[in-house]
Amino acid sequence: MVPELPQELIDAIVGEVPDSSLPACFLAGVTFVVSSQRRLFRWMSLEDGIAKYEKAARFLASSPHLGKYF
């Protein structure tokens, strides 16, 4: 059994992961999900028109727990 790490340490580890590797970090294990999601969804650009807004609305409707990370 792997000992549980403090969330602050997990956040620090994920903070060092390059943005391009965050999806893999998110999939690596339950321990890294919250920290990875926080970084993956910290900003959103919807400059390309209404289609982006509609896609974002569908995404957030299907995963409402992620809204707090934007």
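Is serine 35 buried or exposed, and what is its relative accessible area?

**Entry 1: the model.** I noted that this is a predicted model, in which local features need pLDDT of at least 70 and side-chain atom pairs count only at pLDDT 80 or more, while totals for chains, interfaces and linings use all residues. Residues are numbered from 1 along each chain as its sequence is written, and side-chain values use heavy atoms, with hydrogens and water left out. I looked up pLDDT, the predictor's confidence in each residue on a scale from 0 to 100, and found a chain average of 79, with 90% of the residues scoring at least 70. Confidence is lowest in helix α2 (residues 22-28), at a mean of 81, and highest in helix α1 (residues 7-15), at 87. I keep in mind that where pLDDT is low, the predicted coordinates should not be read in detail.

**Entry 2: serine 35.** Serine 35 is buried, its relative accessible area being 3%; buried means under 20% relative accessible area, exposed over 50%, and partly exposed in between, with a 1.4 Å probe and protein chains only. I placed serine 35 in helix α3 (residues 33-40), where helices (H or I, at least four residues) and strands (E, at least two) are DSSP runs numbered from the N terminus. Leaving out residues up to four places away in sequence, serine 35 touches Gln7, Ile10, Asp11 and Val14, contact meaning heavy atoms within 4.5 Å. With aspartate 11 there is also a side-chain to side-chain polar contact from serine 35, at 2.3 Å. For a polar contact I take a pair of N or O atoms within 3.5 Å; within protein, one must be able to donate a hydrogen and the other to accept it, and residues adjacent in sequence count only if both atoms are side-chain atoms.

**Entry 3: the rest of α3.** I listed the buried residues of α3 as Ser35, Ser36, Gln37 and Arg39, and their cover includes α1 and α2. Serine 36 has a relative accessible area of 0% and is therefore buried; beyond its neighbours within four places in sequence, serine 36 is in contact with Val14, Leu22, Cys25 and Phe26.

**Entry 4: the nonpolar core.** Which residues make up the largest nonpolar core? I found 5 residues in all, namely Ile10, Val14, Val17, Leu22 and Cys25, and α1 and α2 each supply at least two residues of this core. Such a core is a set of buried Ala, Val, Leu, Ile, Met, Phe, Trp, Tyr and Cys residues joined through side-chain atoms within 4.5 Å. Isoleucine 10, with residues up to four places away in sequence set aside, touches Leu5, Thr31, Phe32 and Ser35.

**Entry 5: valine 30.** I then turned to the loop between α2 and α3, where valine 30 lies; valine 30 counts as exposed because its relative accessibility is 76%. From valine 30 to glutamate 16 I noted 14 residues in sequence and 18 Å in space, C-alpha to C-alpha.

**Entry 6: the whole chain.** The chain has 4 helices and 0 strands. Its radius of gyration is 14 Å, well over the 11 Å that the globule rule gives for 70 residues, so the chain is more spread out than a compact globule; the radius is taken over C-alpha atoms, and the rule is 2.2 Å times the number of residues to the power 0.38. The C-alpha trace spans about 45 × 25 × 20 Å along its principal axes, and buried residues make up 20% of the 70 residues.
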